[in-house]
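Dear colleague,

I am passing on the structure we spoke of, with some notes on what turned up in it. Please have it open beside you while you read.

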Amino acid sequence: MNKAVASTLVAVLTLTGAAGCSSKPHRTVRTTPVAAESSPPPEPVNPETAAKAFHTFVNNDDVARASGDERLALWWTSEGQSQLTAAAFRRAVAAGDPVPRYRYDKPVFYVPHLLASDPQWFVVSARRTTADGKDPHTVFMGFLASKAVTRWRLSLAAVLDDKQKPPMIAVGADGYAKALPTFDSRLLIPPRLVPSIQATLAEEGPGNVAAHVMDAGKYTTGYYTSDQKAMKKSKKEKKIGLRTSALYAATSFPIFPLATEDGGGVVLYALSRDTIISKSKKKPGQVPVPEDVAPFVSSKLVRDEIDVTQTMQYLAVVPAKPKKDDGSVKAEIIGADGGTVKAHAPSK
């Protein structure tokens, strides 16, 4: 890569919103940081408030899931987590199964110093298992409250990948974490641009200039490789004229950026993935409904196209901007969660 291009990459990405990294059109949606949410409660959050809010959520969420009360479950969630919660209830109904329940242990609270005039939020990491104690994972959860909606709600959750170590989030002697500005240029990628950088890599692959600042992996170039294979189609799919295309985009949901001990940061955020599965006009017929899509659309309504929407939530580690920008230091996505939340069969 040209040295001048490498040294100005982040500035270029900032100006273009990560959409101008190539000549290929790329849809982006400006991510709304937590700092842009509506007016907050009158008192700033503190560690005690955060602990109470977390345990309130855990108790109510378990009651809702145990009783099959979707309305109660949605009362305690917002943004992407509301979509995924509603989808979990829908899948359970379709399968005739109970809604999955979870246990949370060993919570660690990361509560930033916030002004009373700021939106209030905090992050929790906890050990999560199923209700019977199986399938243990570390999950990072972002909670949010505002003056308009004063109760604390779970906005986002991402599961730390197996074999990944939890990021060392900086906590001061007073017990508070440090919130990062969403435009913080001291990081290799400003937090508000992390979603767009990932979306660009997922859609355009390792040849894109964004690969200079974000690591290749299953959540970036891995998506690209998988989508390219799907687009090439198997012999069976070619025979029936099946086509697939995918589009990734940042969302308007809040993001949660915190400083790490090494001078970098962690960012919790969401992406949307829209997939279109269609039949060639030369080979008309009904599109087969994928198993994970079946709970969201009746096969009786499906003709030659299905539009599928997924909400994906991530945990990324972003290093501080290095003095020597040689491409050896990159952001890395170390956790995720999400799935299909909606499907639609056009009537045309």
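**Aromatic pairs and the core**

The structure, which is a predicted model, holds eleven aromatic pairs. In one of them the rings of Phe57 and Phe143 have their centres 5.5 Å apart and their planes at 75 degrees, and since an angle over 60 counts as edge-to-face, the pair is edge-to-face. This pair links distant parts of the chain, with Phe57 in helix α3 and Phe143 in strand β3, 86 residues apart, and Phe57 and Phe143 are buried.

Phe143 also pairs with Phe122, here in a stacked arrangement with 5.1 Å from centre to centre and 10 degrees between the planes. Phe122 belongs to strand β2 and Phe143 to strand β3, 21 residues apart in the chain.

Two charged side chains sit over rings: Arg128 lies over the face of Tyr102, at 4.2 Å from the ring centre, while the charged end of Arg151 is over the ring of Trp75, 3.5 Å from its centre.

Finally, two residues other than glycine have a positive phi: Glu79, in helix α5, at about 50 degrees, and Asp135, in the loop between β2 and β3, near 55 degrees.

Definitions and conventions
Residues are numbered from 1 along each chain as its sequence is written. This is a predicted model: local features need pLDDT of at least 70, side-chain atom pairs count only at pLDDT 80 or more; totals for chains, interfaces and linings use all residues. Side-chain values use heavy atoms; hydrogens and water are left out. Helices (H or I, at least four residues) and strands (E, at least two) are DSSP runs, numbered from the N terminus. Rings of Phe, Tyr and Trp (its six-membered ring) pair if their centres lie within 6.5 Å; planes under 30 degrees apart count as stacked, over 60 as edge-to-face and the rest as tilted. Buried means under 20% relative accessible area, exposed over 50%, partly exposed in between (1.4 Å probe, protein chains only). A charge sits over a ring if NZ of Lys or CZ of Arg is within 6 Å of the ring centre and within 35 degrees of the ring normal.
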